[in-house]
Structures are given as C-alpha cells and as structure tokens.
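Let's take a friendly walk through a protein model. Have a look at the sequence and the 3D view before reading on.

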Amino acid sequence: MKDIFKFHDDVIDRFALFSRSFTKIRAVDIQKVVDDEYEQGRYWPPELIQINPNYQKAHTVQELVFDGSLHSKCGEIFKGYTLYKHQEQALAIAQRGEPYVVTTGTGSGKSLAFFLPIIDHILKAKERDSKPRTRAIIIYPMNALANSQVEELEKYVSQFAPNSRPFTFARYTGQEGNLEREEIAANSPDILLTNYMMMELLLTRYNDTDRQVIGHCEGLEYLVLDELHTYRGRQGGDVAMLVRRVRQQLHTENLICIGTSATMVSSGDVKKDTEDFTEVAGFASLLFGQKVNPQNVIAETLEQITDQSVSLKECLPLLSN
C-alpha cells in the first residue's frame, strides 16, 4: 500500500456507493441537497491521524517486589513489566485503602492500574486467611469488555499449572451455561467479572446458584467500575444505587471503589486540569457513595522522546522521504 490516504478515499467512495444504492430520490431538489451533504462529508468523519503518546515510566514490578511494595508472587505473574507512572500512583492509593479514578488515554494500561493492586492484595490476604472467597468484582458496561479482560487475566497466569495458579477469576455475565455457573457457585473465584445488569440480578434474584455466587462475595474488598463515563443520567442513578446495595448486602466495611475512563479529563493547562479533577472526583463520589479526593483522580504523565536539539529545518527532509 503506497498511499494510505488514497486507500481511505477509495473505501469512502465504495461505501458511499453502497449506502446510496438502497434509495432512489426522484425529487430533484431533495437529490441536490443529499448530493451536497455527501460531497461535504457529512456522513463520515475525516481521516484521523494520531501519534501514540509516550507515557512516563516508573519502576519495574521486580523492583517493587524487591523493596517490599508488592507480594513476591507478583514478580512471577508480571515478570518483565515496567509500570507507567499512573499505574504506580494507582497502586500507592489502593494500598492506602482509598478510592480512586484512572482517566488516561487508550492503550495506557488502565486495567493494570486496578488488576495489579487487586492481585497484590489477594495474594497477601490469602496468606492471612486461605478460605476461598471473592474479594474483587469488576463491573463492565458491555460483555465484550469483560470477555477481553478474561483473556488479559489468562495471560497473567498462563505460565502456571492449572492447579497452582496464584489467584482465580471467573466471568459471570449471563453468557455462561448452567454447568459453568454451577462451577463458579461451587468454587468461588478471587475475582469476579460481570456487567451491571447481572450484578443487579445477583443481588435480587434468589435462585440457588446466584445466591451461592453472591454469598462468596460477603465482605467484598474491591469494586471496579470500568468505563466510568458511561454511567450518566438514569443509568448512572441505577448504578449508584447498585453500588449502595452492594455495600449494604455484602457488609463491606473496607470496600475500595475504583473507576476507569479514557475520556473524563480533557487536556489543557494546569488550572483546567485541576477543575476537571474536581469535577471527576465529585461525579465518582456520587457514584461510589464515598468521597473521592480530587488528588486521587489519576491522569497520564507523558515524557519527551524526540531530540529537542534537532531543528524543524533538519526534520523536513526526513519527513519528505
């Protein structure tokens, strides 16, 4: 492919032909308006060119294991991982037992910003009390997200034998068959991945399997709401009430709520970011039913990777090649 922009134009032209093939407009004036709208590109956005940001790196997982910040098993589970600054900030806040929100860009490792502290906590907690129980619930707005996160968790434990995995997890979203649901009910996972509708059913639907699954969550320690920005309006009110029911029915004394979103803090100057953090913290506080400090809204930290000593005049010939 020599010209990505020509390829883009070809795709748009073919799709325009396809989309207009279903209706024949006989009125000349209406046809002209529709033609003009197509010509102006109303029905699809222009091409989007983005440069992947370089997130500032912090310590490796091995370094944090060595200084005692993480359980030793984390060194095996996350072998070779170097954390970004926002992931390490999330770990520190979680270990203080405080709620937080991670609002960083796509591809910034938001899931690791809650999986790492949760898994570290589970490993330490199981040494104190080995009785099987579900200590963390991750709630997704869509099943597709839950499915992809199951695959991500599988990567963390793939090097361990099935009977010696350091932590367990299960998806319970309504996609599972009876045998799979009964297996989850009989053997409580450390981490349960679900959606907000199924979470509601687990708390209110009194069949034996669901009651067993939710019974294992007594004293829940972590509740994560992924894609926090989707919980607005009436749906946001429903989810806020759901979180409160979780607290009440599961008798959570030290529940840590976590939210993630790629879109809740816009870029800008320091003052604007501070205003955004306060607004996000207020929104999360209403949703979680507990105060979230604006300082616990974690944004990305970027670092320069280009050579600032190279001038634009020197760069232009390289770009033209």
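## Before we start

This is a predicted model, in which local features need pLDDT of at least 70 and side-chain atom pairs count only at pLDDT 80 or more, while totals for chains, interfaces and linings use all residues. Residues are numbered from 1 along each chain as its sequence is written, and side-chain values use heavy atoms, with hydrogens and water left out.

## The sheet

Helices (H or I, at least four residues) and strands (E, at least two) are DSSP runs, numbered from the N terminus. Two strands pair if DSSP finds at least two bridges between them. Here, 7 strands make an open, parallel sheet in the order S5-S6-S4-S7-S8-S3-S9. At its edges are S5 (169–171) and S9 (297–299), each pairing on one side only.

Strands S4 (residues 136–140) and S7 (residues 222–225) are parallel partners over 4 bridges. In this pair, Ile137 stands opposite Leu223 of S7.

## Helices around it

Contact means heavy atoms within 4.5 Å. Angles run from 0 to 180 degrees between N-to-C directions, using axes fitted to C-alpha atoms, for helices over the stretch in contact. Helix H6 (residues 112–128) lies across S3, S4, S6, S7 and S8, at about 160° to S4. Helix H9 (residues 196–204) lies across S4 and S6, running at about 110° to S6.

Buried means under 20% relative accessible area, exposed over 50%, and partly exposed in between (1.4 Å probe, protein chains only). In helix H5 (residues 85–95), the buried residues are His86, Gln87, Ala90, Leu91, Ile93 and Ala94. They fall within an arc of 165° seen down the axis of H5, so they line one face of the helix; the arc is that of the directions from the helix axis to the C-beta atoms.

## The nonpolar cores

A nonpolar core is a set of buried Ala, Val, Leu, Ile, Met, Phe, Trp, Tyr and Cys residues joined through side-chain atoms within 4.5 Å. The largest one has 40 residues, and Ile119, Tyr156, Phe167 and Ile191 have the most contacts inside it. H6 gives the most to this core, with 9 residues. Another core, of 38 residues, lies apart from it and includes Leu192 and Val280.

## A loop residue

Met264 sits in the loop between S8 and helix H12 (270–288). Is Met264 buried or exposed? Met264 is buried, with a relative accessible area of 11%. Leaving out residues up to four places away in sequence, Met264 touches Thr103, Leu228, His229, Arg232, Val280 and Phe283.
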